[in-house]
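Trainee: Hi, I have a structure to look at with you. Could we talk about its charged residues?
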Amino acid sequence: SCGSACQYRANSHRCCQFPWSFPATSQGKMFTARKKIVKEKGAEPTELEDQVAQALFDLEVNSELKAELSDLTFLSAKEVETAGGKRAVVVFVPFRLIKSYHKVQARLLRELEKKFSGKPVVIIAQRRILRKIGKRNHKKQQKRPHSRTLTAVHEAILDDLVYPTEIVGKRTRVKLDGSRLLKVHLDAKDQANVEYKVDTFVSVYKKLTGKDAVFEFRRQL
């Protein structure tokens, strides 16, 4: 349904032996890291989510980011396949915390990618799309905020996806077959730092929104 259009759902395999397969010391460390995950209805984290939690906890304890990371949590993490059979890690965080993540995001992404052996990492705020009010659902509903429309949520996902790189322009190309391609122009000053993630941007945006996009670098006028 459109209410979950901004969420990527995948059948992630859980480690059937967790947590008993860990030695006692590792087990205690893992459960300490669990404070970084907020799962709905007490659901068990996947193996990947435990790895993300442990990485965030290690950075909180052993890096200069301790103060900034102490109150940051995340909701879920998924792997997305990108071009060439490579994989990227998508971390979904509470919407109310996205600005706090942005304050340290450039440094945080570098550190997380080191811990995930060079896999690209992106951070996306969890948002919910409200259906357009129609004849069947107009009762007892307030006017739908613009920020909860499908268009607004997809635009916000795009901003999160490339952050901290700035989007300097966008245009939509309509092909002869009627399909649409979104061309996103990123600030060229960041090209050296984020060009390796362009395939990740394409794949993750397609997975989350169902829309095709290409990312190019262009200097601001």
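Trainee: Which residues gather in a patch of positive charge on the surface?
Mentor: Arg171, Arg173, Lys175 and Arg218 do. A patch takes residues with over 30% relative accessible area and no salt bridge, with like charges joined within 9 Å. One caution: this is a predicted model, where local features need pLDDT of at least 70 and side-chain atom pairs count only at pLDDT 80 or more, while totals for chains, interfaces and linings use all residues. Residues are numbered from 1 along each chain as its sequence is written, and side-chain values use heavy atoms, leaving out hydrogens and water.

Trainee: New topic! How many salt bridges does a search of the whole structure find?
Mentor: The search finds 15. A salt bridge is a side-chain nitrogen of Lys or Arg within 4 Å of a carboxyl oxygen of Asp or Glu.

Trainee: What does Asp160 form a salt bridge with?
Mentor: Its partner is Arg127, and their closest N and O atoms are 2.6 Å apart. Asp160 and Arg127 are both buried.

Trainee: And what about Asp212 and Lys206?
Mentor: Their side chains also meet in a salt bridge, at 3.2 Å from N to O. Asp212 is partly exposed, with a relative accessible area of 38%, and Lys206 is partly exposed at 36%.

Trainee: Which residues do salt bridges with shared partners join into one network?
Mentor: Glu64, Arg107, Glu111 and Lys114.

Terms used
Patches are made of residues with over 30% relative accessible area and no salt bridge: like charges are joined within 9 Å, nonpolar side chains (Val, Leu, Ile, Met, Phe, Trp, Tyr) within 5 Å. Accessible areas come from the Shrake-Rupley method with a 1.4 Å probe; for residues, only the protein chains shown count as cover. Lys and Arg count as positive and Asp and Glu as negative; His and the chain ends are not counted. The place of a charge is taken as NZ of Lys, CZ of Arg, CG of Asp or CD of Glu. Buried means under 20% relative accessible area, exposed over 50%, partly exposed in between (1.4 Å probe, protein chains only).
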